[in-house]
Amino acid sequence: MFVLMTCLVAATGGLIFGYDLGISGGVTSMDVFLEKLFPSVYKKMQDDTGRTNQYCKFDSQLLTSFTSSLYIAALVASFAASITTRIFGRKVSMLTGGIIFLIGSALNGAATNVTMLILGRTLLGIGVGYANQSVPVYLSEMAPAKLRGALNMGFQLAITIGILAANLVNYGTAKIKGGYGWRVSLALAAVPAIIMTVGAIFLPDTPNSLLERGHQEKAKTIKMAGGLAIQADTKDYGGKITMFVLMTCLVAATGGLIFGYDLGISGGVTSMDVFLEKFFPSVYKKMQDDTGKTNQYCKFDSQLLTSFTSSLYIAALVASFAASVTTRIFGRKVSMLAGGIIFLIGSAFNGAATNVTMLILGRILLGIGVGYANQSVPVYLSEMAPAKLRGALNMGFQLAIAIGILAANLVNYGTAKIKGGYGWRVSLALAAVPAIIMTVGAIFLPDTPNSLLERGHQEKATTMLQKIRGNQEVEEEFQDLIEASEAAKKIAHPWRNILQPRYRPQLIMSIMIPFFQQFTGINVIMFYAPLLFKTIGFGDDAALMSAVITGLVNMFATFVSIGTVDRVGRRMLFLEGGIQMLICQILVGVILGMKFGVEGVGSMSKSSSYLVLVLICAYVAAFAWSWGPLGWLVPSEIFPLEIRSAGQAINVSVNMFFTFIIAQAFLTMLCHMKFGLFFFFGGFVLIMTLFIFFFLPETKNVPIEEMNNI
């Protein structure tokens with residue numbers, strides 16, 4: 001049954017070749033497709049004088065280039081695929097082919113000219129080349145000799161199913177009114193690509209491939225592949241889950257509220273007319289232009305407006321370095337307390353602002369508070385939680401961020417209805433509430449055993465470890481903490497030491513994970529959600545309510561992560577979330593491209609707007625159970641004590657720097673890249689998913705001081 005199932009899944013790689021074989025002939029017979037992209041052929045098709053040679057109506061080098069570009073690309077790609085198949089395995093080749101085919105289908109569905117169409121076909125060809133090179137080899141190697149012929153035929157069967165499906169699709173889309181049926185036909189090539197890609201993730205590699213790459217033990221057992229990184233044996237300190245640990249982690253996690261509230265609130269107030277009229281009149285003027293001539297993508301393109309949003313993140317970046325020193329010298333608790341107080345002051349400034357300068361000064365103070373909180377809270381949670389629950393308890397930080405975003409969206413929805421023009425002041429000033437919760441909570445929190453040892457309080461550290469583990473027998477874990485602490489004290493310059501080769505894997509993860517987290521495009525959705533929904537056709541109230549809906553999705557999806565992270569592991573959530581986000585971004589880009597085109601002039605029907613909302617919700621859900629919480633969890637748990645504060649500072653600073661870059665550039669990018677912006681972020685999601693697949697080892701259930709063993 002194992003062989004039959006793996007071969008069945010692998011054979012689906014034939015679907016992408018079959019679908020393409022069937023679909024290309026169908027769309028090239030659609031008048032609207034020919035008229036738009038191959039007008040010379042269309043003109044000959046419309047000639048009913050009887051003088052046009054019937055054999056020559058489709059004689060066009062450009063049209064044949066559209067069809068044949070796939071095959072020349074597949075030819076070239078098959079050589080590259082042979083190298084990939086040999087070095088990385090058959091599974092990776094299939095995965096690569098599926099993903100590239102998926103991107104090509106998106107380009108074809110959104111094509112506005114022949115160049116874009118042929119580029120998409122070239123990518124489809126590369127995908128086909130990889131699939132056709134790896135799938136038959138996989139099937140032959142997995143199948144027993146007596147069944148190899150029959151099981152290998154599954155590939156050809158999948159090709160025929162793909163052709164049939166394409167013909168049925170063409171028959172249906174040809175009847176679509178509005179002239180975009182051909183786009184649907186081409187874009188639906190994403191479906192077999194997704195089937196193949198998702199299937200490839202769960203496939204084991206063949207014994208032959210494993211032996212070829214030196215994995216003799218794996219080849220014997222052919223266990224289900226979880227990726228190329230493996231987990232070493234680690235210690236189990238035992239202990240139990242105590243109410244004390246749960247309560248301290250719950251209180252500490254509220255530090256995420258201030259970051260979440262700010263993410264949600266800024267986008268809402270910048271969509272309020274009275275706020276724009278007072279502080280950003282040029283944007284307000286463009287918003288009031290209802291002539292239909294204003295580019296929908298460029299209404300919010302203002303450097304001053306983006307400076308209001310992004311100033312927080314550059315301040316958080318700088319503050320994270322100061323926070324790392326505070327965290328190491330005075331403890332995690334003091335850092336949280338400092339962050340809460342500074343954020344509180346910033347919220348007062350913003351609520352009382354009378355000009356843009358005061359507004360941005362308040363944002364800078366908020367940023368300093370966020371920098372301190374984001375540096376200390378994840379480290380605190382990782383150090384307090386037992387290994388078996390570290391993932392779930394650390395997710396409390398992301399859950400608090402999600403609750404903060406939801407609360408901000410609800411506040412914006414309510415304050416937008418306040419008469420008198422001061423609703424935006426209430427929204428900004430209410431940032432004081434999560435700041436007070438965090439500050440008061442931090443006062444009553446104990447410090448972690450790791451931090452106490454780091455500062456020389458050995459007796460207090462022993463007592464605290466016994467208290468949080470609910471067990472007097474903590475000698476083994478405590479001894480490991482002491483050894484880590486002694487090693488940390490020998491490190492006079494953690495910033496210099498973190499650059500040493502032995503810490504290189506952790507350093508790379510602390511840079512790449514937050515970098516990729518921001519290039520998912522999630523903060524674009526979160527702090528510009530109301531503006532984005534306004535752009536695609538929702539009214540003021542509807543835009544704010546849509547942001548509330550995405551906030552709800554974000555919060556509830558985080559619970560999925562909490563319930564699964566310590567069971568299925570970090571890697572699986574990263575990979576599934578990446579694939580789901582990629583699919584949603586491609587589809588949103590295609591829809592916006594079809595409705596607004598490259599000119600950015602047009603409107604969306606209610607059904608299309610709601611479809612975009614559904615896709616954005618699916619995207620937000622995927623982020624909320626993968627890159628959102630894991631982007632904070634993994635970097636906070638992988639560093640040894642001697643460089644932990646420095647490592648977390650790098651994590652936060654990289655996160656904030658690229659949040660700043662995205663916030664500063666997004667509205668301008670939307671104006672100039674238009675619907676292509678979603679493909680831009682989709683490309684990064686593809687790269688980051690592959691990065692996790694190849695380079696991140698599983699860290700679930702590993703004690704924090706044992707991370708160097710994996």
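Tutor: Let's go through some helices, a loop residue and a few ring contacts. Keep in mind that this is a predicted model.

Student: Next, α10. Which of its residues are buried?

Tutor: A190, P192, A193, M196, T197, G199, A200 and I201 are the buried ones in α10. Helix α10 runs over residues 190-202, and its 13 residues reach 19 Å from first C-alpha to last, close to the expected 18 Å.

Student: And what about α24, how far apart are its end C-alpha atoms?

Tutor: They are 17 Å apart. Helix α24 (residues 458-469) has 12 residues, so at 1.5 Å a residue it should span 16 Å, and the two values agree.

Student: Which residues of α24 are buried?

Tutor: A461, M464, L465, Q466, I468 and R469. Just after α24 comes G470, with a positive phi of about 65°.

Student: Switching topic: where is T112?

Tutor: T112 is in the loop between α6 (90-109) and α7 (114-142). T112 counts as partly exposed because its relative accessibility is 26%. Along the chain T112 and G593 are 481 residues apart, yet their C-alpha atoms are separated by 8.6 Å.

Student: Now the rings. How many aromatic pairs are there?

Tutor: The count comes to 26 aromatic pairs. One to look at is F694 with F695, whose ring centres are 6.3 Å apart.

Student: Why does the F694 and F695 pair count as tilted?

Tutor: Their ring planes are at 55°, so the pair is tilted; stacked needs under 30 degrees and edge-to-face over 60.

Student: Are those two buried or exposed?

Tutor: F694 is at 22% relative accessibility, so it counts as partly exposed. F695 is at 53%, so F695 counts as exposed.

Student: Last one: which residue has its charged end over the ring of F279?

Tutor: K278, with its charged end 5.6 Å from the ring centre of F279.

Key:
Residues numbered from 1 in each chain as written. Predicted model: local features only at pLDDT ≥ 70, side-chain atom pairs only at ≥ 80, totals over all residues. Heavy atoms only, no water. Phe/Tyr/Trp six-rings, centres within 6.5 Å; stacked < 30°, edge-to-face > 60°. Buried < 20%, exposed > 50% of the residue type's maximum accessible area, 1.4 Å probe, protein only. Lys NZ or Arg CZ within 6 Å of the ring centre and 35° of its normal. Helix = DSSP H or I, 4+ residues; strand = E, 2+ residues; numbered from the N terminus. Expected span 1.5 Å × (residues − 1).
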